[in-house]
Amino acid sequence: MREKIDEIIEFLKSELAEDCSYYSGKVFGSMSSYPDDDVVRVFAEFIEKNAGDANIFAGTAKIENKVINLLGTFFNNPTAGGNCVSGGSEANVVGLWAARNFFKEKKNLPFLNEEYEIIVPETRHTSIAKAADLLNLKLVEVPVNNDFEVEAKIVEEKISEKTIAIVGIAGNTVYGSIDNIEDLSIIALNNNCWLHVDAAFGGFAIPFLKNPPKFDFILEGVKSLVADPHKNLGSPIPNGCILFRDLDYSKHIIHHLPYFSGKKTENRTIIGTKSGAAIIATYYILNFKGIDWLKKRMKSAFENKDYLKQRLEELGFEVLGKAQLNVLAAKPPDNIRKRRNELFKKGWRIGKYGDLWRFVVMPTIRRENINELISVLEENF
Ligand SMILES: Cc1ncc(COP(=O)(O)O)c(C=O)c1O
């Protein structure tokens with residue numbers, strides 16, 4: 001059987017041959033990467049755990065709570081509540097679902113559901129638009145400035161009695177920009193509005209900038225926050241987190257799972273069955289590898305981002321925005337733009353957004369990967 005499975009694995013590898021691999025160092029178009037070997041070991045050890053069933057996996061459920069407590073403290077609110085979910089998309093939907101139900105519970109509703117609005121920067125991640133679609137809400141998109149940050153004043157002008165929530169992005173998917181969450185928090189408080197922060201990418205990066213802006217629960221207006229361990233923290237996929245200032249903010253999305261083999265279980269997420277192994281791996285990273293490890297990891301990512309920026313600019317790329325986080329949005333010069341397909345065929349994966357190329361410098365990217373990329377871009381000059 002052993003030989004057979006080895007054979008089958010080789011066959012599966014051949015079936016997967018067209019996949020790229022994060023291990024190749026050629027992937028600059030993704031906000032995920034490979035976990036460290038010790039994290040893989042933890043993940044594999046606990047592969048059977050279903051964090052969706054606290055009756056069978058009571059220990060796993062406790063570890064999920066510990067992750068939320070650790071993250072609450074990390075994001076300046078040790079009493080935050082929340083859940084580990086499948087990723088940033090689900091976390092955004094759950095946060096805005098809670099906001100909608102909280103709003104509807106509090107107010108008499110003179111309007112139809114679909115007339116209610118969420119106000120978001122036009123550069124929001126697709127999952128915010130999915131949330132509006134699923135929750136039957138109107139998406140009110142607000143333009144961003146030259147640094148790809150939303151202006152709080154413009155957001156405030158859009159607030160009305162139909163506004164369910166405003167959304168700020170702390171670590172934009174394409175530009176890496178960070179909205180002024182401090183200003184958004186003030187207008188949220190002044191207008192009695194829910195502020196949801198999408199820090200799926202930036203949550204584990206912004207705290208390690210030289211002068212980090214405030215973006216988390218230290219700001220009173222922030223009611224919910226998304227941060228994804230399976231991005232910069234290096235957890236295995238699938239792992240995102242949705243945190244609420246207080247667990248009570250999510251009480252209107254509770255559904256009970258009556259079929260479980262014990263006490264009935266409260267569920268505040270979209271999925272039921274979920275990967276306990278990913279959550280335990282996140283706990284391992286936060287609790288045992290620790291924040292100093294993360295700080296070193298992000299320092300290296302930021303240094304490599306600065307190095308890539310300099311090398312791209314030498315080749316004639318125009319890098320846009322403040323380029324603070326480990327994402328670069330850059331306009332390629334014409335001679336390089338034309339070579340996109342060729343780069344793709346050679347296994348390089350670089351994001352594309354209209355005319356822009358997007359380079360995500362994940363902490364697993366090494367200096368030699370950047371040098372190799374630059375030498376490929378330089379070919380045929
Ligand atoms: C800002 C932001 N929010 C949400 C998401 C969605 O995360 P996921 O792909 O884990 O669902 C992303 C993904 O890149 C993101 O950049």
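This text walks through the predicted model, from overall fold to single residues.

Start with the chain as a whole. The protein chain holds 11 helices and 13 strands. Its C-alpha trace spans about 65 × 60 × 35 Å along the principal axes. The radius of gyration is 22 Å, which agrees with the value near 21 Å that a compact globule of 381 residues would have. Of those 381 residues, 46% count as buried. Among contacts in the protein chain with a separation of 6 or more, 73% are between residues 24 or more positions apart.

Domain 1 is made of two segments, 2-35 and 291-378. Domain 2 covers 40-286. Their centres, taken over C-alpha atoms, are 27 Å apart. Domain 1 brings 21 residues to the contact, and domain 2 brings 25 residues. On the domain 1 side, α8 (276-314) and β11 (327-331) each supply at least two residues. The most comes from α8, with 5 residues. By residue type, this side of domain 1 has 11 nonpolar, 5 polar and 5 charged residues.

Beyond its neighbours within four places in sequence, Val-94 is in contact with Val-85, Ile-242, Thr-269 and Ile-270. A longer span can be checked from here too. Val-94 and Ala-199 are 105 residues apart along the chain, and their C-alpha atoms are separated by 14 Å.

Lys-231 sits in the loop between β6 (222-227) and β7 (240-244). Is Lys-231 buried or exposed? Lys-231 is buried, because 28 other C-beta atoms lie within 10 Å and the cut-off for burial is 20 or more. Leaving aside neighbours within four places in sequence, its contacts are Met-31, Ser-32, Ala-200, Phe-201 and Phe-204.

A cis peptide bond joins Ile-237 and Pro-238, with omega about 10 degrees. Most peptide bonds are trans, and most residues other than glycine have a negative phi.

Asn-76 is not a glycine, yet its phi is positive, near 65 degrees. Phe-148 is not a glycine either, and its phi is about 65 degrees, also a positive value. Both are in loops. Asn-76 lies between α3 (58-74) and β1 (81-85). Phe-148 lies between β3 (138-142) and α6 (152-158). How do their surroundings read? Asn-76 is partly exposed, with 16 other C-beta atoms within 10 Å. Phe-148 is buried, with 21 other C-beta atoms within 10 Å.

Technical notes:
Residues numbered from 1 in each chain as written. Predicted model: local features only at pLDDT ≥ 70, side-chain atom pairs only at ≥ 80, totals over all residues. Domains from an automatic or database assignment. Contact = placed C-beta atoms within 7 Å. Helix = DSSP H or I, 4+ residues; strand = E, 2+ residues; numbered from the N terminus. Nonpolar A, V, L, I, M, F, W, Y, C, P; charged D, E, K, R; others polar. Rg over C-alpha atoms; globule rule 2.2 N^0.38 Å. Buried ≥ 20, exposed ≤ 12 C-beta atoms within 10 Å, placed from the backbone.
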